[in-house]
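Let's take a walk through this protein and look at a few of its helices and loops. Have the picture ready as you read.

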Amino acid sequence: MILEERPDGAGTGEKSARLQGCDSLTQTQRGQLQSRRARIYQQINKELQMRTGAENLYSEAVTVPMIPLGLKETKELDWSTPLKELISVHFGEDGTSYEAEIRELEALRQAMRTPSRNEAGLELLTTYYHQLCLLDARFLTPARSLGLFFQWYDSLTGVPAQQRALAFEKGSVLFNIGALHTQIGARQDRTCIEGAHCAVEAFQRAAGAFSLLRENFSNAPSPDMSAVSLCALEQLMMAQAQECVFEGLSPPASMAPRNCLAQLHLAQEAAQVAAEYRLVHRTMAQPPVHDYVPVSWTTLVHVKAEYFCSLAHYHIAMALCDGSPATEGELPAHEQVFLQPPTFSNPRGPALPLELEERRKLGKAHLKRAILGQEEALRLHMLCRVLREVDLLRAVVAQALQCSLAKYSELDCEDDFCEAAEAPDIRPKTRQKPEARMPCLSQGKGPDIFHRLGPLSVFSAKNRWRLVGPIHLTRGEGGFGLTLRGDSPVLIAAVIPGGQAAAAGLKEGDYIVAVNGQPCRWWRHAEVVAELRAAGDAGASLQVVSLLPSSGLPGLGDRRPTLLGPRGFLRSQREHGCQTPACTRASPRPLLGWSRKTQQGKTGGRLQPCAPAKVAPPSPSELPGRL
């Protein structure tokens, strides 16, 4: 959860002491001298480590820790029995012949349980997610599930939850895609501009994944996938992305601009980060999120809100006291920088006073608010036991407090008996507002593991068919007497009455699945035509499937994968107007084709697969289909 910093040398002294206790030389005078020398070296190394730590404390490489999410964990799953049974019963094939495909699916699921924390891990998760979408489209119907219990552990509480709906498996994998993005973003080196930009991209992708889940999931069985939790996580990722934007814009201390306007921009950027974290803190502090979000997260968010608010006041003070003088025309209006109206008479005057003494007094007031905010951040940090172990966070806030105190002492005069004016609040503003971005789910697309079953447009559990053949078809005077159309599989678009095809029992709407004993479910139109022409007068042996109309099951015009099992965990694609892919050639399905915001679909009617009126004439781009 929270990144922890532990000294590399912890336990070294104890280990050395144990070794000395076992060494017989320590009982001699020479051994005592060596032991004393070893203790001196250890003390020197300790001093050097402390000095190095002090140097790192005030170095420019210190950054505030982020909050990465842990991945949801799951148990092993046996796909073999339900898939073999479904392949045998519905598809009419030997389920044992698909053991290699089932083992490949199980190996992929086993690998995605422990993905690497990089782009390769993301590709592994998206590959498995893509296969789940293909499984959903091929094997499931609204009235049928695989009969498996998918069990996943909650990422926040560790409590197990299980459902039979394949949508729960898909949603959990999508959650892990977002969680892995948070870990990649937290690991970036944000001290350089490139690292900060990579972190912004990662947190935006994570927010997009959680937003996608929140908009499409309902009745989540685990707290981390509930709507309120996903909303809080989305806000947290956007706040961390905004923080990375500020870090990318904020230069190191040695290169800090002395320009007044540049300091004002940094102040408003810091105020924007503080406003984002205040919103996250309000969400996390309210039930039910407060009940299962770690207390350390809520405290860290509160600390960051106070820290960045104080940082905004510090940059305003730097603009007032150290910024290069600017003319009155260059300064923005007061209401563009501050939320409260100024105390002087002209409410629309310049943002900052031009007189040096007035600038010093106002800068001193902002420094006072900065110091109070940094002290409050340190107080909140010390109240949390988990955060006390994160020394880096305390180092960052303490460093900022030392800078503010040093500047305040520099501005403080002994003869200054005037009470400092109340510093106004700073208006949040950013020139780069992060937006939730959809994760790159297309990078994991690959071939369908159960490719041998045939194209999804026909060979899925949503359709019913009858296998016919082999049928021996000979050539007559007018040819074979049929017209072919389409690819993968090739469709018999028309049968000439009285022809050879009609006499053999072939019908319009049948799909050719084998020619002369060769499976041709994935053949193109030209390949089937060439094979039939090469048969000559001896004819060819065909095997076809005839689609059967079925009430209660989607017709050919509705082959979208159902995203929700029978218990209503996810809404189906049909409810959200997803377009049906073309039936001519199977292609990888989109990984996410569902959205609550999409209008209702217009293709709800069922098409009769064997009706001649539904068969379009051959395309001019195809080879001549009449044989």
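How many residues does helix α11 have, and how far does it reach from its first C-alpha to its last? Helix α11 covers residues 295-321, which gives it 27 residues, and it reaches 39 Å. Keep in mind that this is a predicted model.

| Helix | Residues | Number of residues | Reach, first to last C-alpha | Expected at 1.5 Å a residue |
|---|---|---|---|---|
| α11 | 295-321 | 27 residues | 39 Å | 39 Å |

What about their surroundings? In α7, 18 of the 24 residues are buried, so this helix is mostly covered. In α11, 23 of the 27 residues are buried, so the rest of the structure largely encloses it.

Now for the loops. Pro-287 and Pro-288 are joined by a cis peptide bond, with omega at about 5°. You'll find Pro-288 in the loop between α9 (260-284) and α10 (289-292).

Another cis peptide bond links Ser-488 to Pro-489, and there omega is about -5°. Pro-489 sits in the loop between β4 (482-485) and β5 (490-495), and Ser-488 is in the loop between β4 and β5. Ser-488 isn't a glycine, yet its phi is positive, at about 45°.

Is Ser-488 buried or exposed? Its relative accessibility is 0%, so Ser-488 counts as buried.

Asn-516, in the loop between β6 (511-515) and β7 (518-519), also has a positive phi, about 55°, without being a glycine. With a relative accessible area of 36%, Asn-516 is partly exposed.

How values were computed. Residues numbered from 1 in each chain as written. Predicted model: local features only at pLDDT ≥ 70, side-chain atom pairs only at ≥ 80, totals over all residues. Heavy atoms only, no water. Buried < 20%, exposed > 50% of the residue type's maximum accessible area, 1.4 Å probe, protein only. Helix = DSSP H or I, 4+ residues; strand = E, 2+ residues; numbered from the N terminus. Expected span 1.5 Å × (residues − 1).
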